[in-house]
Amino acid sequence: LRLHVLLFMDVGMESYTHYLAMSRLAPVQAVTHGHPITTGVPTIDYFVSFSPYESPENQRFYTERLITLDGYSSRYIVPPLPPSPPLTRSQLGLPEDSHVYMSPQSLFKFHPEFDELVIAVLRK
């Protein structure tokens, strides 16, 4: 590859992007806010962010040169409202006489030590 610029959507959400970012794969390398913190990686030259998310003083929090673009980077569509009336536990296949716990995260974000905390909560 003979890249001129390489823009990482994030560095750090997956280990392989972290290791790729440590290589100089293009003369100019940048990252945007898929993972909205500095990478701390010396081979990343720029952090591309958006003015509503940053203040002029924020450069001090980045090892990369902070570039801010006008406007927002994301547009979220409001999801449709749930059915009315709400679904019952039985319609969802959940028992009526027990607690239901949910942690809507990707499993790779949980440290193995978190398992012990979950077990302690469930035992109470």
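## Strand pairing

Strand E2 (residues 28-32) and strand E3 (residues 46-50) run parallel and are joined by 3 bridges. Strands here are DSSP runs of E with at least two residues, helices are runs of H or I with at least four, and both are numbered from the N terminus. Two strands pair if DSSP finds at least two bridges between them. Thr32 has Val48 in E3 as its bridge partner.

The open sheet contains 4 strands in the order E1-E2-E3-E4, with parallel pairing. Strand E1 (5-8) and strand E4 (65-69) are at the edges with a single partner strand each, so one side of each has no neighbour in the sheet. From one strand to the next the twist averages 30° (axes are lines fitted to C-alpha atoms, for helices over the stretch in contact; angles run from 0 to 180 degrees between N-to-C directions).

## Model and conventions

This is a predicted model, in which local features need pLDDT of at least 70 and side-chain atom pairs count only at pLDDT 80 or more, while totals for chains, interfaces and linings use all residues. Residues are numbered from 1 along each chain as its sequence is written, and side-chain values use heavy atoms, leaving out hydrogens and water.

## Leu20

Helix H1 (residues 15-21) includes Leu20. Leu20 has a relative accessible area of 40%, so this residue is partly exposed (buried is under 20%, exposed over 50%, partly exposed in between; 1.4 Å probe, protein chains only). Beyond neighbours within four places in sequence, Leu20 is in contact with Phe8 and Leu25 (contact means heavy atoms within 4.5 Å).
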